[in-house]
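User: I would like to go through the terms used for this model one by one, and to hear what each of them rests on.
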Number of protein chains: 2
Amino acid sequence: MKRYHWLFTLLLTTTFSYAQTPPTGDDGYRLWLKYDLITNVPKRQAYAQAAQFIAMTGNSPILKSAADELQLGLTGLLGKTVPVVTSAAGRKGGIVLAVSAGAGGSAMNNEGYQIAINAGNIMISGKTDAGVLYGAFALLRQMQTGQPIDRLSVTSSPRVQYRMLNHWDNVDGTVERGYAGQSLWKWYELPERIDPRYRDYARANASIGINGMTVNNVNASARFMSAEYIQKVAAVASALRPYGIRVYVSVYWAAPKTLGGLKTSDPLDPQVRAWWTAKVKELYQAIPDFGGLLVKANSEGEPGPQDYGRTHADGANMLAEAMKPYDGVVIWRAFVYKADPNGDRFKAAYDEFTPLDGTFDKKVIVQVKNGPIDFQPREPFSPLFGNMPKTPLGMEFQITQEYLGFATHMVYEAPLFKECLDADTYANGKGSTVAKVIDGSVHGYARTLMAGVANAGSARNWTGHPMAQANWYAFGRLAWDHTLSSETIANEWVNMTLTHEPQAAKRITNLMLKSRDIYVDYNTPIGLSRPWTGVHFAPEPWQNRSPRPDWTAVYYHKADSLGLGFNRTETGSNALAQYRPEVRAQWENPETCPLPYLLWFHHVAWNKKLTSGRTLWAELCTRFYTGADSVRWMQNEWGAVKSAVDPGIYADVSARLATQQREAIWWRDAWVLYLQSFAKQPVPAPFKQPERTLDDVKQSVNLYLLR
Amino acid sequence: MKRYHWLFTLLLTTTFSYAQTPPTGDDGYRLWLKYDLITNVPKRQAYAQAAQFIAMTGNSPILKSAADELQLGLTGLLGKTVPVVTSAAGRKGGIVLAVSAGAGGSAMNNEGYQIAINAGNIMISGKTDAGVLYGAFALLRQMQTGQPIDRLSVTSSPRVQYRMLNHWDNVDGTVERGYAGQSLWKWYELPERIDPRYRDYARANASIGINGMTVNNVNASARFMSAEYIQKVAAVASALRPYGIRVYVSVYWAAPKTLGGLKTSDPLDPQVRAWWTAKVKELYQAIPDFGGLLVKANSEGEPGPQDYGRTHADGANMLAEAMKPYDGVVIWRAFVYKADPNGDRFKAAYDEFTPLDGTFDKKVIVQVKNGPIDFQPREPFSPLFGNMPKTPLGMEFQITQEYLGFATHMVYEAPLFKECLDADTYANGKGSTVAKVIDGSVHGYARTLMAGVANAGSARNWTGHPMAQANWYAFGRLAWDHTLSSETIANEWVNMTLTHEPQAAKRITNLMLKSRDIYVDYNTPIGLSRPWTGVHFAPEPWQNRSPRPDWTAVYYHKADSLGLGFNRTETGSNALAQYRPEVRAQWENPETCPLPYLLWFHHVAWNKKLTSGRTLWAELCTRFYTGADSVRWMQNEWGAVKSAVDPGIYADVSARLATQQREAIWWRDAWVLYLQSFAKQPVPAPFKQPERTLDDVKQSVNLYLLR
């Protein structure tokens, strides 16, 4: 990144204390909110001309956040302090923050913003102060990405109402599936100490329109329902509130027993209902804008209403009743599946939830993972989307890279998110995309939700891999507007975060856009998946022993002497019957099923010729080898932008790419050698048989199973 | 802290990129190596006069580290860049780094340094480049603490040879008993990525003379003996080597079986011996200056040579044989104890190890915790010290605050360390202090060692509690020179880290010096202890169920209707027989046993009048209440220095003190209410009965036992 201009530094030192050891480069802490001095002088002058003051009326904390952020950003971008004034009366050439019920007209919703030139000023208006805050960040983004601002006329409203991060963070500071250091939430220090990062976390989220977060893991601790922890959560909520972010808590279903001392947690038991009613009241007393409850119940060993012969709806509705007096929601996860060696986990959520459609309280949202299994590198969309017309379904994406290479693989996720959002469910005829189900337009949902499992932790750069910041950014931008393209978002992020040099920005954007397909190629091509038990780090396709059959690898890939893949057609599990005929028709025929999904739905013979013209075995080898080789290409591309990016970020990403390259070959070799033991064919030219044996690879993987 | 002077900032920006979000204060990252501009102009000018250049000959990486650090430090302290030159020939007014075999004469050892005025220059000399590095840091410390440097004549040698940190860090990034974020060592990123923090970690350690570190938990993972992890460890070693720090690895005893595939890990088995020999060779091939192995064996469920009917010496000697060709050591921990309901864990290490004295290979050092139990807030010294004349005993202190309030209690540990070091074992007559056993002067040990269980993690300020940085600092300073007083060290650290304002520095030093006694008073007064199973966070004196008897609370305090305390006299476990008669005589008589140790050795009746003039019950109450009240005093004292310290540090410490205050009362109430159920007496005036009941406290503790 550019060094601070000396003038800017000089100005800053009059205000702030710099207390760092001499850095060797950008440490990534500022994320995309960098606000470095604009080095293009005419552009900077033009911006400065239009941003001579910030006018803010009143003392709403959220408006103050907007003014503070504009001042911070403009001070950095323009190299001079822009004053905040209480009125723009008689002045021109400034920025005016204005809240008014009529702002933007009926086309703009409560959180939307309008930026327009008005009486010589840039007016940022919204129906609420949150809208103005989002507008302030949008104006800063215009400047950070070098867009003109002198003839601005922008109106934007979020397409989804609840735009949330889900933190899978535990009370001991660990983060389930976290690869970016410890949890951000310091429970042992709360409520007394408010870590200054809480505010920066809030700023980052508000800048991309996120308005809610759950503080704790869905595999929840009952502690969060105690008076002591409610005070701690309230302290976090206070730090996030000025940025329009509401706090939600994940629920441990058995809390009435383990914490409340009741004999049961049966949702129909009057004492249990009274316990939850009192608990929710206590939450709202401590946190007046408390967002609501997130529930993982009867899933992967977690307790739930089915322990008492009740349904998910019984459970959710009980909580909804407790929430009745308040402006909050109950978010119930659809991620459920039973250990059935002869079943198909793919079908579980649909089978469990579609019969309950129409029985949920209106405060309930059912949160559905994008695919039917578990955040695989590539999955078809969940068949629940489009099949729950009477129940608001929310989207659950995973931002943290559980199956996407932790913090050592560069995978830009917007294409993954978009692939699901743009998929057509045909629920209401052609064009009924998942996005339109989620945003309510297909079924007219009263509530709409998009949640992302967070990748932010206490790592100095928040996300471990510097490029993983883009996934947090992309999730927020898509939750706000799912029609944005992956390229647009990547290009914004690169310009805000990495470089303004056009060729380098273009190269990095291209690298990001290709990264997910490259990962899929060496990791799980042609519809393979890997939701195996364990740490989800190492290749282990031979894994066939586990506490439950659906936690083995062989359950999913079904490799045998004949071929590979899970038959989900009529002759198999018939999971395809859960989709609309238009979808089913394309996928049930192996000749028309797109190659990326082929092995999700078909058991294919090793020598079957695919639409690519290659046999399955040859196609698999081509993907594994080309994928792994492509990481070399990624390294080269990154090498080519060296002079355009900060040396610290450059070195960090370079090192991680080297690890990725090593691990990509590991994955390739593991799959190729294992599958070869069934396919019984040589690796086709021009690819070369791996140098190591299957036993070698198994040993290298077993290392990661040792304590 | 002082803000950077604008001139300094201006200069720095020509060299470094500042990439932080505007800080709200000092984030503590720089530890005590702050190098802020000296605001006292005459003093700064005097220093500048004497430090116009840094002369360094050759290209030894360690010498280069010394020159780099001097340049960094002087640039900061003096506000101008001081050049590094290759020769001081004909020049005066500079700093000369000189390595020469004769430096300092025979009074100075290989790692010692001499700082003296020579031909108009400040000459820093050492017999080795490491000595010069330590001298460079000593010179910087002189300036950081405002001492004159124009007539310097200092010679200093470390009194202990192996000055080490032990990291109890796991492969998954967690830290056992760590309260400062995740592990510093990023195993998933290594060996490709070298986190820039590794270098800053090395700088901090070198600045206080630490010359070794174990990278992994003593509850060790076998992974560290694999080729893959050896490469990772080698990468860490490369980052630390330029600062004279050698890397050691903790050993999982059963690695020959679990990793090597052998049928046994019997130390007398030829295959096992061959495996270790090959493994050590592999380690030295990757890390030529590898320090050695640290072993926790047959302790708390860890495997060890006793699994095969062999002794600790058999195990240690087998490893020592493998180490024979190399300049490395085997460090064998004496922390062993069996689950015996009728035994006394106090006696275990002595009973196990003293019979082995004289049987260990000369490459072995036995590492002994300061006390006989487990890092309690106050323990008598371990009776092993002074009783193993033929076996080098190393000291193991715990810097991380496992039993000292995690990261929310301010406990300056130098008085704890000193209390042990200064204790007289009488092994060789009066004056045979533990320190003199450890430094080899009592028994003539050929090797000397002091290890500290590290409190450094990935938290931005390294240690969680900002004041806990002082414990890292104090450990290093005492490992170098155990004759330094707690006050001297505190005063150095405060001046380098927090403030130069004399009254404030004095106040903070005083606060630090009193903090440990205050903690003991509300936590474990008069010789109570609390090595109970669990997370070691919450008071749980009622705890009487556990997988093993010595992991309950009642095993240790022995509260009953008659009184309190563990009888370790002849009428009890007779653990006192392990001490020399002079020590025993003082402690076995309850009338002469110092109050701080009383309940360690005596079961005392509730109404027994103590040397304080109060009954046991009254004395206990006085301690618990006065201790908890003293945290208010600490808050007031800290409040009084507000204007003299950085606002970020001030706020951080203030918040943690508030938590400490709340938790001190929690401890007080838990002990008082529980012990009252045996003592059956009211809380004496002027103290007031706790407002809550014992059940209330139990409930609040049970919360921390919930998932």
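User: Which residues of helix 11 of chain A meet which residues in helix 13 of chain A?

Analyst: In this predicted model, helix 11 of chain A contributes Ala414(A), Phe417(A) and Lys418(A), and these meet Asn471(A), Ala474(A), Phe475(A) and Leu478(A) in helix 13 of chain A. Sorted by class, that contact has 5 nonpolar, 1 polar and 1 charged residues.

User: Why is helix 11 of chain A called roughly parallel to helix 13 of chain A?

Analyst: The axes of helix 11 (residues 414-421) and helix 13 (residues 469-480) of chain A come within 9 Å and cross at roughly 30°. Angles under 35 degrees count as roughly parallel, and therefore helix 11 of chain A is described as roughly parallel to helix 13 of chain A.

User: What makes the largest cavity a cavity, and what lines it?

Analyst: The term is used because a cavity is a set of points where a 1.4 Å probe fits but cannot get out. About 120 Å³ of space lies in the largest cavity, and of its 17 lining residues Ala334(A), Phe335(A), Ala349(A), Gly371(A) and Pro372(A) lie nearest the centre. Helix 10 (348-353) and strand 12 (364-369) of chain A each supply at least two residues of this lining, with helix 10 of chain A giving the largest share, 3 residues. By class, the lining of the largest cavity has 13 nonpolar, 2 polar and 2 charged residues.

User: What makes the second largest pocket a pocket, and which residues are the closest to its centre?

Analyst: Here the word is pocket because the set of points is open, with protein on both sides within 12 Å along at least five of seven lines. The second largest pocket has a volume of about 500 Å³, and of the 19 residues that line it, Glu111(A), Ala130(A), Asn211(A), Gly244(A) and Arg246(A) are the closest to its centre. Its lining has 7 nonpolar, 6 polar and 6 charged residues by class, while helix 4 (129-144) and strand 9 (246-251) of chain A each supply at least two residues.

User: What makes domain 2 and domain 3 of chain A count as in contact?

Analyst: Contact means heavy atoms within 4.5 Å, and 26 residues of domain 2 of chain A are in contact with 29 residues of domain 3 of chain A.

Definitions and conventions:
Residues are numbered from 1 along each chain as its sequence is written. Chains are lettered from A and ligands numbered from 1 in the order in which they are written. This is a predicted model: local features need pLDDT of at least 70, side-chain atom pairs count only at pLDDT 80 or more; totals for chains, interfaces and linings use all residues. Side-chain values use heavy atoms; hydrogens and water are left out. Axes are lines fitted to C-alpha atoms, for helices over the stretch in contact, and angles run from 0 to 180 degrees between N-to-C directions. Helices (H or I, at least four residues) and strands (E, at least two) are DSSP runs, numbered from the N terminus. Angles under 35 degrees count as roughly parallel, over 145 as roughly antiparallel, 65 to 115 as roughly perpendicular and the rest as oblique. Ala, Val, Leu, Ile, Met, Phe, Trp, Tyr, Cys and Pro count as nonpolar, Asp, Glu, Lys and Arg as charged, and the others, Gly among them, as polar. On a 1 Å grid over the protein atoms alone, a cavity is a set of points where a 1.4 Å probe fits but cannot get out, and a pocket is an open set with protein on both sides within 12 Å along at least five of seven lines; lining residues have an atom within 4 Å of a point. Grid points are joined across faces, edges and corners, and a volume is the space filled by probe spheres set on the points.
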